[in-house]
Amino acid sequence: MILGKYSFGIGDRFGQQGRAQVGALLQAKRQGLDITPVWNKSHREHTIIGTKPADTRREADDAVKACGWDGPYFVDADHIGLKNVDEFIESSDFFTLDVADFIAERAEKADVNAFVEKHNRLIGSLEIDGIDRTLEVSDERITVIASQFLLAVKQAGKIYRHIEAVKGTGDFITEISMDETDQPQTPVEMLFILAGLADEGIPAQTIAPRFTGRFNKGVDYVGDITQFAKEFEQDVAVVAFAVEEFGLPGNLKLSVHSGSDKFSIYGPMNKALKKFDAGLHIKTAGTTWLEELIGLAMAGGDGLAMAKEVYAKAVSRLDELCGPYATVIDIDAERLPSPEEVERWDGQRFAEALRHDQLCEAYNPNFRQLLHVAYKVAAEMGQCYLDALAKYEDTIAQNVTENIYERHIRPVFME
Ligand SMILES: [Zn+2]
């Protein structure tokens with residue numbers, strides 16, 4: 001199985017917006033742009049919502065059928081490890097092997113030495129196409145990188161072989177993720193991580209490094225944009241080099257996690273993709289759930305009442321809901337509107353506070369981030385919530401499609 005040059009991770013918490021999501025990709029297709037849809041859902045999301053990987057598979061199959069989507073599509077077991085991969089194996093054909101937890105663990109000295117010896121031809125001033133300065137690689141540098149990353153890479157090998165034994169060689173897509181860690185990885189570190197993945201025989205088609213800056217859920221990038229742009233370009237260049245150097249799959253590309261809503265870096269990403277004629281996988285998940293709330297609010301009546309109820313409950317359970325996401329949200333509780341104030345809002349006002357339009361004065365990133373992590377509240381409403389989604393499907397679908405196409409696909413891949 002081969003993942004196309006451009007692919008889009010369209011997470012969908014409640015599994016009801018598949019058709020609206022495919023609608024955005026069909027819109028791109030009509031403009032001559034092929035983007036492969038990938039439905040990603042992590043163990044954490046499944047647990048909080050009470051869904052199973054088979055539900056995601058069903059949604060994906062139904063959505064592509066209903067929309068007449070005739071291109072490839074995948075179901076991503078997002079951020080899995082040896083502990084939870086088995087529940088995903090049957091339904092998924094895309095596996096994101098998360099080995100971030102193993103980065104901190106030191107590798108065995110003998111393994112490190114063997115790695116350094118194997119790759120010592122790269123020692124010196126390394127010239128890589130598209131990077132204007134040389135990358136300096138020393139014996140010591142490789143040793144430090146290997147002791148930090150080798151165990152994670154070997155763990156990825158274990159998970160990969162476990163899946164391969166069940167699904168068969170070549171019958172699934174492999175992504176490696178190292179993004180859920182504190183320290184960003186430099187382009188040189190990524191080069192040797194890729195060397196290690198090749199040594200393990202992992203045919204990775206995408207890799208998600210931890211980039212510089214903050215990738216908070218549902219809001220824009222926070223960090224030095226110039227620095228990000230430089231690093232992203234170098235990462236793209238390193239990936240192309242590693243494909244040749246280590247014999248990794250020719251379609252290997254970067255994957256950007258928590259990729260929704262990062263409007264200020266889409267320009268630099270777009271530029272780098274064009275400059276290197278490179279591919280990209282971008283993962284978005286929670287953004288569709290927020291469009292459901294926007295659609296409910298705009299529909300008015302009991303839709304708006306439900307959106308307000310979700311918010312009021314979220315405020316009263318702030319610590320509980322934010323806990324699992326503590327490292328990827330920044331909510332200033334002082335700036336959250338009170339539930340009493342929100343109760344007085346009309347649908348338009350609610351939608352404006354929530355919709356990610358930085359030019360709109362009513363937009364409130366604190367309100368948006370809290371609701372981003374509040375999907376558990378809607379999950380607890382159970383059938384009531386799903387019924388509301390069905391009742392206001394048209395308004396919601398319009399928002400879902402427009403958000404993906406206008407605010408994400410166009411700036412990342414087109415403009
Ligand atoms: Zn991730």
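Me: How far does α7 reach from its first C-alpha to its last?
Reply: This is a predicted model, in which local features need pLDDT of at least 70, side-chain atom pairs count only at pLDDT 80 or more, and totals for chains, interfaces and linings use all residues. Residues are numbered from 1 along each chain as its sequence is written. Helix α7 has 13 residues (helices are DSSP runs of H or I with at least four residues, strands are runs of E with at least two, and both are numbered from the N terminus). The span expected at 1.5 Å a residue is 18 Å, worked out as 1.5 Å times one less than the number of residues, and α7 comes close to it with a reach of 18 Å.

Me: How many of the residues of α7 are buried?
Reply: A residue is buried if 20 or more other C-beta atoms, placed from the backbone, lie within 10 Å of its own, exposed if 12 or fewer do, and partly exposed in between. Among the buried residues of α7 are Met-190, Phe-192 and Leu-197. Helix α7 is largely enclosed by the rest of the structure, because the buried share of its 13 residues is 11.

Me: Are α6 and α7 roughly parallel, or oblique to each other?
Reply: Helix α6 (residues 139–167) and helix α7 (residues 187–199) have axes 9 Å apart and pack at about 45°. Axes are lines fitted to C-alpha atoms, for helices over the stretch in contact, and angles run from 0 to 180 degrees between N-to-C directions. Angles under 35 degrees count as roughly parallel, over 145 as roughly antiparallel, 65 to 115 as roughly perpendicular and the rest as oblique. Helices α6 and α7 are therefore oblique.

Me: How many nonpolar residues does the contact of α6 with α7 have?
Reply: Helix α6 brings residues including Ile-142, Phe-149 and Val-153, while α7 brings residues including Val-188, Phe-192 and Ile-193. Ala, Val, Leu, Ile, Met, Phe, Trp, Tyr, Cys and Pro count as nonpolar, Asp, Glu, Lys and Arg as charged, and the others, Gly among them, as polar. One residue of this contact is polar and two are charged, and the number of nonpolar ones is 11.

Me: Which residue just after α8 takes a positive phi?
Reply: Helix α8 has 22 residues and reaches 30 Å, close to the 32 Å expected. Its buried residues pack against α7, β9 (253–256) and α9 (263–276). Just after α8, a positive phi of about 70° is taken by Gly-247.

Me: At roughly what angle do α9 and α18 cross?
Reply: The axes of α9 and helix α18 (residues 393–414) come within 7 Å, crossing at roughly 30°. That makes α9 roughly parallel to α18. Phe-263, Tyr-266, Gly-267, Met-269 and Asn-270 of α9 meet Pro-411, Val-412 and Phe-413 of α18. So the pair counts as roughly parallel, and the angle you asked for is roughly 30°.

Me: Where is Asp-261 placed?
Reply: Asp-261 is not a glycine, yet it has a positive phi of about 70°. Asp-261 is buried, because 26 other C-beta atoms lie within 10 Å. Its place is in the loop between β9 and α9.

Me: Is Pro-324 buried or partly exposed?
Reply: Pro-324 sits in the loop between α12 (318–322) and α13 (339–343). Because Pro-324 has 14 C-beta neighbours inside 10 Å, it counts as partly exposed.

Me: How far apart in space are Gly-286 and Leu-371, C-alpha to C-alpha?
Reply: Gly-286 lies in helix α10 and counts as buried, with 24 C-beta neighbours inside 10 Å. The axes of α10 (residues 286–299) and α15 (residues 365–372) come within 10 Å and cross at roughly 105°, so α10 is roughly perpendicular to α15. Gly-286, Leu-290 and Leu-293 in α10 meet Arg-368, Leu-371 and His-372 in α15. Although 85 residues separate Gly-286 and Leu-371 in sequence, their C-alpha distance is 9.7 Å.

Conventions
Contact = placed C-beta atoms within 7 Å.
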